[in-house]
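This briefing goes with the sequence and model shown below. Please keep both in view while reading.

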Amino acid sequence: MTTPVLEALALKRGVCQDFAHVMIGALRALGLPARYVSGYLRTLPPPGQPRLQGADASHAWVQVWCGPDAGWVDMDPTNDTLIDRNHITLAYGRDYDDVCPLRGVILGGDTHALYVSVDVEEVEEDPPAVRQAQIQDGQGQSQSQTL
Amino acid sequence: MSTPVPPDQPRLPPVRYRCRHITRYSYTVQVVSSQLIAHLGPRELPGQRARVLAVTVEPPPAVVAERLDWLGNPTSYVAIDTPHLDLSMTVELDVTLTPRPAPDLAATPAWEEIAAQAPRHLAVAEFIEASPRLPQPSPALAAFAAGSFPPGGPSAPAPAT
């Protein structure tokens, strides 16, 4: 998952959460307000291959405050772009810890294995009817995707 | 590996998505109670209309409470008191994204001006400070930032692409 921000900076590589943390830390070092955005990014499959269910990733990017007029501006350092119709926003906070997708306290369990699957599918029409059918058989299908 | 979709051209039609996020834990020893906080949104924003279609938790929780956190993010609190070896949470969303006019980044004030006035704006001041994963002050991060922010430049330099 994420690397400590100074380690990611020194390594000059990381995952999207690391790019976001480095950019936020750099902006704040100059006194510029910056926050961490948790979301999804629509992706394209490799040429000639079908889009895989569960293959889309959680994504993270940055908002920088550009004054009262422009307000918060979203920027995606991983892809060197402003956000567009491919960026779905879930939550924002000071950094990953404020908006971690799922965290908790359990009693028991010892060690665990974790499976995460994210699917971002473009739909053409009003989806509720379609969705019902997909939920019915979606559970087993999706779980097998994560394994 | 999948690659990001290239940036949009202006004036494209809205895009509607169905998103499904599955998280599953498999434990080696039975868990007798579990309390979770999920930040699986979505937020309503300019350019983003969104709603939760379904949240499914297995085993069935004893308590589910939907709340907004201190920044207005939707959260779900889930408590499970049924012994279990597997726990799964599936969140399905219906999201429509409408392209917004791109901000005029060149017109933003000089970054020094933003930095000078930010501490006086309560809603943004906390985002200048250190946070759990981001120590401040950080000479290494300041040095990294300096190269991208010449004196008097806009606070939001346009991406290189």
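How many residues of chain A are in contact with chain B? In this predicted model, 80 residues of chain A are in contact with 76 residues of chain B, where contact means that the C-beta atoms of two residues, placed from the backbone, lie within 7 Å. The model is predicted, so local features need pLDDT of at least 70 and side-chain atom pairs count only at pLDDT 80 or more, while totals for chains, interfaces and linings use all residues. Residues are numbered from 1 along each chain as its sequence is written, and chains are lettered from A and ligands numbered from 1 in the order in which they are written.

**Where the chains meet**
- Strand S8 (residues 112–123) of chain A gives twelve residues to the side that touches chain B, the largest share.
- That side of chain A has 45 nonpolar, 20 polar and 15 charged residues. Ala, Val, Leu, Ile, Met, Phe, Trp, Tyr, Cys and Pro count as nonpolar, Asp, Glu, Lys and Arg as charged, and the others, Gly among them, as polar.
- S8(A) runs antiparallel to strand S2 (residues 15–38) of chain B, and twelve bridges join them; strands pair if DSSP finds at least two bridges between them.
- A:Glu121 has B:Arg18 in S2(B) as its bridge partner.

**Chain A**
- Chain A has four helices and eight strands; these are DSSP runs, numbered from the N terminus, with helices (H or I) of at least four residues and strands (E) of at least two.
- Of the 147 residues in chain A, 46% are buried. A residue is buried if 20 or more other C-beta atoms, placed from the backbone, lie within 10 Å of its own, exposed if 12 or fewer, and partly exposed in between.
- Helix H2 (residues 16–29) of chain A reaches 20 Å from its first C-alpha to its last. The expected span is 1.5 Å times one less than the number of residues, and the 20 Å reached is close to the 20 Å expected.
- H2(A) is largely enclosed by the rest of the structure, because 14 of its 14 residues are buried.
- A:Leu41, in strand S1 (residues 34–41) of chain A, is buried because it has 23 C-beta neighbours inside 10 Å.

**Backbone exceptions**
- Most residues other than glycine have a negative phi, and most peptide bonds are trans.
- A:Lys12 has a positive phi near 55 degrees and is exposed, with 8 other C-beta atoms within 10 Å.
- B:Glu58 and B:Pro59 are joined by a cis peptide bond, with omega about 0 degrees.
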